[in-house]
Amino acid sequence: MELSNKTRISEFLLLGFSERPELQPLIFGLFLSMYLITVFGNLLIILAISTDPNLHTPMYFFLANLSFVDICFTSTTIPKMLVNIQTQSKVITYEDCITQIYFLILFAVLDVFLLSVMAYDRFVAICHPLHYTVIMNPRLCGLLVLVSWIMCVLNSLLQSLMMLRLSFCTHLHIPHFFCELNEMLQLACSDTFLNNVVMYLAAVLLGGGPFAGILYSYSKIVSSIRGIASAKGKYKTFSTCASHLSVVCLFYCTMLGVYLSSAATQSSQSSATASVMYTVVTPMLNPFIYSLRNKDIKSALKRIFCVQVM
């Protein structure tokens with residue numbers, strides 16, 4: 001009897017946000033618009049940085065990588081949801097679900113690592129300006145990004161392989177618009193203790209570690225800014241890291257809000273709605289935050305559009 005309940009499943013059902021048919025066109029249009037804005041905005045940032053020699057600096061190198069990761073992060077979830085709405089199907093295969101988990105974890109943790117690396121870049125630029133070009137040399141910048149990719153790929157591979165050892169019962173409904181790791185563990189009818197240990201350990205080491213690095217960098221930055229005599233000098237120095245700080249606050253606050261709210265309400269539906277903030281809204285807003293407050297990016301974008309018009 002126990003073996004019959006643990007049959008090999010082939011697909012799950014993504015319940016999404018609402019089952020009301022009249023809301024599906026609205027949800028489709030809203031998420032398609034946000035997805036296109038995210039892809040187009042981040043591609044413009046990458047194009048501006050790659051074509052303007054003035055932007056070939058460590059800070060913009062990391063920003064280009066962040067924009068690329070944001071495109072991939074959003075593309076992991078939104079296209080599948082749009083296809084399901086269009087075809088009026090909620091099905092996602094077991095293989096696609098595991099693949100989606102792999103790439104979701106990969107790009108989410110990569111976001112964290114890149115934000116941490118960018119904080120270190122701002123720390124060196126403000127606290128050690130005379131040694132900035134020596135410390136943040138192209139070799140170190142490439143190495144930081146490469147190590148981030150390697151660690152994130154290995155972590156995602158471990159988490160995904162551990163999902164393969166689980167058995168799933170007859171309840172195959174995922175109250176989400178993507179295959180979220182924690183939701184999948186709750187559906188499993190086999191022992192998930194080891195999976196939970198690995199998941200929370202990875203969250204502490206790969207999420208909390210970089211966040212501690214960001215806090216340390218900004219504590220040193222604040223101390224350095226406080227030592228500047230003039231208010232104008234303080235403002236000018238702080239403005240160089242204001243965009244990055246805004247993105248860090250937006251990403252971490254929305255992600256923290258998602259898990260605190262889901263823990264408080266115990267509602268998977270509200271958790272799915274809140275997850276939109278860090279999976280869709282944050283990647284969409286990043287290009288605006290960096291372009292609207294950055295004269296170099298705005299100048300590069302103006303030159304691109306001027307060339308296109310001519």
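Helix 3 is mostly covered, with 14 of its 18 residues buried. The structure is a predicted model. Helix 5 is likewise mostly covered, 28 of its 34 residues being buried. The count of disulfides comes to 1, and cysteine 97 and cysteine 179 form that bond.

**Helices**

- Helix 3 covers residues 58–75; at 1.5 Å a residue its 18 residues should span 26 Å, and its end C-alpha atoms are 26 Å apart, so expectation and model agree.
- Helix 5 covers residues 94–127; at 1.5 Å a residue its 34 residues should span 50 Å, which agrees with the 50 Å between its end C-alpha atoms.

**The disulfide**

- The sulfur atoms of cysteine 97 and cysteine 179 are 1.9 Å apart, which places the pair within the 2.5 Å cut-off for a disulfide.
- The torsion about the S-S bond of cysteine 97 and cysteine 179 is about -115°, so the disulfide is left-handed.
- Because cysteine 97 lies in helix 5 and cysteine 179 in the loop between strand 3 (173–174) and helix 8 (181–187), the pair ties together parts that are 82 residues apart in sequence.
- Both partners are buried: cysteine 97 has a relative accessible area of 0%, and cysteine 179 has a relative accessibility of 1%.

**Other cysteines**

- The closest cysteine sulfur to that of cysteine 127 belongs to cysteine 241, and the separation of 9.5 Å is too far for a bond.
- Cysteine 127 is partly exposed, with a relative accessible area of 23%.
- Cysteine 152 is buried, its relative accessible area being 1%.

Technical notes: Residues numbered from 1 in each chain as written. Predicted model: local features only at pLDDT ≥ 70, side-chain atom pairs only at ≥ 80, totals over all residues. Heavy atoms only, no water. Helix = DSSP H or I, 4+ residues; strand = E, 2+ residues; numbered from the N terminus. Expected span 1.5 Å × (residues − 1). Buried < 20%, exposed > 50% of the residue type's maximum accessible area, 1.4 Å probe, protein only.
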